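Try each task before reading its solution.

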Amino acid sequence: MPEVKFISVESVRQASRLIKERPPSEAILMAGGTDLLVLQKHKLIAPQSIIYLKGIAGLREIRPDGNGRFVIGAMATLDEVARHPGINQSYPMLAQAALAVASAQIRNKATLGGNICLNSRCWFYNRSPFWRSEYPECRKAAGGNKCYVVPKSRKGCFALQSGETVGPLVALDAKLRLVSDEKERLISVEEFFLADGIDYLALEPGEVLTEVLLPAAKGSGAFVKFRPQNNLDFATFTISVLPPRNGSGSRIVVGSVATRPLRARKAEMMLDQGTQNPASIARQAAEELSLVSFVRGSVEFKRQVIEARLHEILTHFEGHRSRNYEVAHAGV
Ligand SMILES: Cc1cc2nc3c(=O)[nH]c(=O)nc-3n(C[C@H](O)[C@H](O)[C@H](O)COP(=O)(O)OP(=O)(O)OC[C@H]3O[C@@H](n4cnc5c(N)ncnc54)[C@H](O)[C@@H]3O)c2cc1C
Ligand code: SF4
């Protein structure tokens, strides 16, 4: 590997200044490093400086804010999120999603912030240099201009949003605090993701994700991670469902199937309106999702399995209507 300058910073502003004053290809922020170091090893990124965030005090805390809401520091590890009693009690779908990521060793290093900002992934891109040397580089890799997933496309990349805590965070209407040396702002997790696999985050130059803000819990909801085998692997898709409260606010979010998490808005409306037919809601959701990538399963396969798993979740909710859907369902 080429020589890299490793800079451990003590404040967000220092990190922001350092990242802003260098070209994007030359410097990168690192949290747990569990994804970044793999990309570096595969020569997909070649930063000259790595700006290490873990030394920043106060970014690892998980705390209630006193008004029924929770704040999670971006540097909290996935293990800490998965085991936190308050998160388990109020937002079990988030705890389950964190627990479903990778392995215990990785969850001990990997952070929630890194999982949200995770680079988009594609079967043709996330490969060793040896594997990639067999065919011309694709558009996402430096110098390439082809896309193997949508060969007819003239621009854009369809690599998948793959951080598995993202679906539950969208369902929970979570917000992110982004801080730079000049300003700070809040953005919803849903708006944080863009429609392109190369330029995939609404992160402005110099911005660091510092906190995840969870509104007061509106019910437990359900989370499912689907993968062909129960091994250490990314999801083919995730489903996060939050049932309605007083006829509104339901969420059906499917993750890892597009450059951004997808909401099935028409199916959500059916849930809000009290439609008593789980099969038709599940069919509507599967039909309205805009899926294009055959990575990790053909579009038709994904549509069918999403429909089946969603039907299962909604039927499960139906049986527990008297408990206001307060049932968490983990299908990892
Ligand atoms: C074998 C293996 C299996 C895996 N399985 C899964 C899986 O099943 N599900 C899954 O979701 N992931 C999986 N991963 C990917 C990865 O481990 C996790 O997504 C992890 O949460 C990434 O967090 P991190 O702190 O290590 O991020 P890093 O690797 O440190 O960073 C990831 C990206 O986020 C950016 N970043 C990090 N923190 C911030 C911040 N605060 N502000 C702005 N940008 C930031 C970095 O610049 C980088 O681009 C796997 C990885 C491996 C090696
Ligand atoms: S979607 Fe296309 S351009 Fe993007 S990484 Fe995959 S093959 Fe490359």
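**Exercise 1: the core**

Find the residues with the most contacts inside the largest nonpolar core.

Solution. The largest nonpolar core has 93 residues, and L53, V81, L94, A98, V254, A285 and L310 have the most contacts inside it. Such a core is a set of buried Ala, Val, Leu, Ile, Met, Phe, Trp, Tyr and Cys residues joined through C-beta atoms within 7 Å. Helix α5 (residues 92-99) gives the largest share of this core, six residues. Next, take L53: leaving aside residues up to four places away in sequence, L53 touches V9, A15, L29, M30, A31 and M75 (contact: C-beta atoms, placed from the backbone, within 7 Å).

This is a predicted model: local features need pLDDT of at least 70, side-chain atom pairs count only at pLDDT 80 or more, and totals for chains, interfaces and linings use all residues. Residues are numbered from 1 along each chain as its sequence is written, while chains are lettered from A and ligands numbered from 1 in the order in which they are written.

**Exercise 2: helix α11**

Which residues of helix α11 (residues 265-272) are buried?

Solution. They are A267, E268, M270 and L271 (buried: 20 or more other C-beta atoms within 10 Å of the residue's own, placed from the backbone). These residues lie on the same side of α11, because they cover an arc of only 155° around the axis (the arc of the directions from the helix axis to the C-beta atoms). The buried residues of α11 pack against β11 (251-255), β12 (262-263) and α12 (278-288). Helices (H or I, at least four residues) and strands (E, at least two) are DSSP runs, numbered from the N terminus.

Technical notes
Buried ≥ 20, exposed ≤ 12 C-beta atoms within 10 Å, placed from the backbone. Contact = placed C-beta atoms within 7 Å.
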